[in-house]
Amino acid sequence: MRERSLRVTEALLLLLAILVFVCGIALATLTKIPVYSALAQKASARVLPVDLNAATAEQMAGVLGVPVRVGKQIVGKRPKAGFDDVDAIARLKTGKEFIIPRANYGAAKARFVVRSADAVRKTLFLWAGGLVAFFVVTHLLLRYAHPRADPFLLPVAAFLSFVSVLLLFAIKDPLRDRLSFVGQAQGIVYGGAVALVLALSPLFGRAPLHRYGYVYALAAFGGCVLLAVAGSGPGGVRLSVAGVQPVEAIKVLLVFFLAAYLAERASLLDDPLRKWGPFPVPRAKDAMPLLVMYALPLALFAIVRDLGPALLLFGVFVIMLYLATGRSIYIWAGVALVLFGGFIGYRLDIGVFATRLDMWLTPWDNPQPRGDHLALGLWGMASGGPLGSGLGLGGTRFIPRGGSDLALATLGEDMGIAGSLAVLLCALVIVARGFAIARRATTDFDRYLAAGLASLFGLQTLLIVSGTLGLFPLSGVTLPFVSFGKSSLIASLFAVGVLLHLSARVPPGSGALVILPRPWEAAARRVGVFFFVTLGLVCTGRLVYIHVLAADAIAAHTVSVPDRDGQKRKHINPRLLSLAAMIRRGRITDRAGRVLATTRPDGVRVYPMGATTGHLIGYLSPIVGGPTGIEQRFNERL
C-alpha cells in the first residue's frame with residue numbers, strides 16, 4: 001500500500017510538471033515562431049526573410065548591397081550543415097579583412113534567417129517530446145527498480161529541467177540565433193540517462209563506496225590540476241576544459257570524500273578529552289586529511305580565479321563538518337576565512353572578483369567597464385513586474401548571460417515573481433527531502449552523503465540567487481537544472497539519482513531503529529532553518545521588493561558605467577527607450593504657429609529652421625548628449 005501511494009504521488013506531480021511544460025511550449029510557439037503566409041504578406045506588405053542557407057549569391061548580394069562576387073564568397077564559405085546563426089556571415093574573413101562591411105551587415109541583418117519556422121517548430125516539438133518521454137520512462141523504471149524511493153525528487157528535477165529548456169528557447173530568436181535549448185535538452189536526455197542509470201544501478205548500491213574516500217580526494221585534486229593546466233574562460237576565469245566544467249565533478253567528489261571520512265572519524269574530531277581552552281583539538285592524523293581538503297577550495301580560487309566555485313566547495317565543507325561535530329566554531333572560522341580570502345582576492349584583482357564585488361557594493365554607479373550586469377538583471381525583473389512580460393515577450397536580450405549567470409533574472413522578467421518563487425520552492429524541496437533521507441539513513445556514510453548533497457543544492461542555489469538579487473556578490477556558479485550547461489545538468493541529475501537511491505534503502509515509516517550521532521539532531525535542524533530563512537524568507541522578500549514594491553523605481557533607475565572609450569556615462573533601461581521610441585514625439589511651434597521641431601513618419605526628429613533656433617530649442621540627438629534646451633525641459637509632454 002505504501003509503495004502504491006509513493007508511485008501515485010510521483011506520477012501526479014510529474015503529470016503536473018508535464019502540463020506546465022506543454023502550456024509553456026504552446027505559449028513559446030505563439031510568441032517566438034512567426035507565421036508567414038502569402039495572404040499575410042500581401043495584406044501587410046511584409047517582405048519575407050531570406051534564408052542564409054538556401055539563398056543564392058545574387059540574393060545575398062542584393063540584400064547586403066554588395067557586389068555579386070562578395071555574395072559568391074559567402075556561398076563558398078557556407079558550411080555543409082549550414083550557418084547556425086545569422087551573425088556567422090559577419091564573422092567571415094578573407095585573410096584579416098571581413099568579407100562584409102559592418103555597415104552593410106547591420107542594415108540587412110533583420111532580413112536574414114538561418115532556418116524556417118517549420119524547421120524550428122519540428123525541432124522544438126521533437127525535443128520537448130523527448131524530454132517528456134525521458135522523465136516518464138525514468139519514473140516507470142524507478143518505481144520498478146526502487147519502489148520505495150522518494151516521490152518528490154524526480155518531479156522537481158523534471159520541472160526545473162522543463163523550465164530551463166523553455167527559458168533558453170524564449171531568450172533567443174529561433175530563426176536567427178543558435179538553438180541553445182537543443183544542447184540543453186541533449187544534456188538532459190543523454191547525459192541524464194547515464195547519470196541516473198549509474199546512480200540507480202544495483203552495482204552502485206552494492207559497492208562499498210565508504211571505503212574509497214581518498215580515491216574521491218585524489219580525483220578532486222586531479223580535476224584542479226586539469227583546470228590549472230588547460231582551463232579557459234572569459235575574463236581570465238578558468239572554468240572549462242574542452243567544453244567541460246570539471247568543477248561540477250569536483251564538488252560532488254568533495255561531498256563523497258567528506259561523507260566517507262566523517263563516517264569513519266567524526267567522533268575523533270570532537271574528542272572531549274583533547275581540548276585547547278574551550279575548543280576540542282583532534283589528533284594530527286585525524287585532522288590532517290581534512291586540512292588538506294580544507295585547502296582545496298582555496299587552491300581552486302587561485303586556479304579558477306573566481307570566488308563562486310571555491311565558496312561553494314568551502315561552504316559545503318564547513319556545513320558537513322558542523323553536522324558531524326555540532327561545533328559552531330567551524331562556522332565562524334569558515335566565515336572569517338571567506339572574508340579574508342575575499343579581501344585578498346579583491347586587493348590582488350584576481351579574475352573578475354573585483355568587478356563583481358564593486359557591482360554588489362555600487363550596482364548603479366560602478367567604476368568597472370562591465371559593472372552594469374547586476375543592474376541589467378534588476379532592470380529585467382523590475383520591468384517584468386509581478387506577472388512578468390510573458391514567455392518570450394520580455395526584453396531578456398538586454399540581460400547579459402541571461403541563460404547562465406543571470407538565469408533567474410531572465411526567468412523573473414518573462415514569468416514574473418511566480419516563476420522565480422517556483423524555482424526557490426523547488427530548491428527548498430530538494431534540501432528538505434535530502435535532510436529527511438539523511439534522517440532515516442541506517443549508516444553514517446549514507447547520512448552524511450544525503451545531507452552533503454542536499455546542502456550542495458541549497459548552497460549553490462543560495463549563492464547564485466542572492467547574487468542575482470543583489471544580496472551578495474555575483475558568483476560563477478549555475479542555478480541547478482535551470483542555467484545552461486551540460487556539465488552542471490549531469491552533476492545535478494547524478495546527485496538527485498544518488499538521493500533517490502539512498503531514499504529507497506529504508507522505507508519511510510518502517511520503524512527501523514536509527515541511531516543518530518550525538519550532535520546531529522540540533523546541527524541538522526539549524527542548517528535546515530538557515531536554508532529556510534535565507535532561501536524561503538530573505539530571497540522571497542527581496543523578490544517581492546524588486547517585482548512588486550519597487551518595480552517602477554528600479555526599472556526607471558539609471559546606471560553609470562564606463563563605455564568602450566573609458567568615459568563614464570549614465571544609461572537608461574533599454575526597455576524604456578524601446579517603449580519611448582514607439583511614442584510619436586510632438587511638435588514644438590512658436591506663437592505664430594511656425595514649426596520649430598517635428599517628427600517625420602519614419603521617426604526622425606527634424607528642425608526646419610536648423611541652427612537658427614538651436615540655442616533655444618535644443619536637440620534630441622545622442623551625438624550632442626541630448627535632449628537639451630526646450631526638448632529636455634518639456635521631454636515628458638513631448
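Buried means under 20% relative accessible area, exposed means over 50%, and partly exposed lies in between. Keep those cut-offs in mind for this tour of a predicted model.

**Stop 1: the whole chain**

Show everything first. The chain has 638 residues, and 51% of them are buried. Colour by secondary structure to bring up 24 helices and 11 strands. The accessible surface comes to about 30000 Å², with 64% of it belonging to carbon and sulfur atoms. Take the contacts between residues at least 6 apart in sequence: 68% of them join residues at least 24 apart.

**Stop 2: Asp-85 and Arg-178**

Select Asp-85 and Arg-178. Their side chains meet in a salt bridge, at 3.6 Å from N to O. The pair links distant parts of the chain, 93 residues apart. Asp-85 sits in the loop between α4 (68-76) and β2 (93-94), and Arg-178 in the loop between α7 (153-170) and α8 (180-200). Which side of the cut-offs does each fall on, buried or partly exposed? Asp-85 has 7% relative accessibility, so it counts as buried. Arg-178 has a relative accessible area of 46%, so it is partly exposed. Together with Asp-85 and Arg-178, they are linked in a network of salt bridges.

**Stop 3: both ends of α6**

Move to helix α6 (residues 117-145) and pick Asp-118 and Arg-121. This salt bridge spans 2.9 Å from N to O. The two residues are separated by about one helical turn, because they are three residues apart in the helix. Asp-118 is partly exposed, at 48% relative accessibility.

Next, select Asp-150 and Arg-433. They form a salt bridge whose closest N and O atoms are 2.7 Å apart. Again the pair links distant parts of the chain: Asp-150 is in the loop between α6 and α7, Arg-433 is in helix α17 (residues 407-440), and 283 residues separate them. Asp-150 is buried, at 2% relative accessibility. Arg-433 is partly exposed, at 23%. In total, the structure has 16 salt bridges.

**Stop 4**

**Stop 5**

Click on Phe-532, which lies in helix α20 (residues 520-549). Phe-532 is partly exposed, at 48% relative accessibility.

**Stop 5: a hairpin**

Select strands β7 (residues 559-562) and β8 (residues 568-571). They pair in the antiparallel sense over four bridges. Five residues lie between them in the hairpin, and Gly-566 in the turn has a positive phi of about 90°. Show the side chains of β7. Val-559 and Val-561 point one way, Ser-560 and Pro-562 point the other way, and all are buried. Across from Ser-560, the bridge partner in β8 is Lys-570.

**Stop 6: a three-stranded sheet**

Now find the open antiparallel sheet, in the order β9-β10-β11. Its edge strands are β9 (588-589) and β11 (605-606), each pairing on one side only. β10 (residues 595-599) pairs with β11 over two bridges. Thr-598 stands opposite Val-606 in β11.

From Val-606, go to Tyr-619. The two are 13 residues apart in sequence and 9.2 Å apart in space, C-alpha to C-alpha. Tyr-619 lies in the loop between α23 (614-617) and α24 (629-633). At 32% relative accessibility, Tyr-619 counts as partly exposed.

Methods: Residues numbered from 1 in each chain as written. Predicted model: local features only at pLDDT ≥ 70, side-chain atom pairs only at ≥ 80, totals over all residues. Heavy atoms only, no water. Buried < 20%, exposed > 50% of the residue type's maximum accessible area, 1.4 Å probe, protein only. Contact = heavy atoms within 4.5 Å. Areas by Shrake-Rupley, 256 points an atom, 1.4 Å probe, with all protein chains shown as cover. Pairing = 2+ DSSP bridges. Salt bridge = Lys/Arg side-chain N within 4 Å of Asp/Glu carboxyl O.
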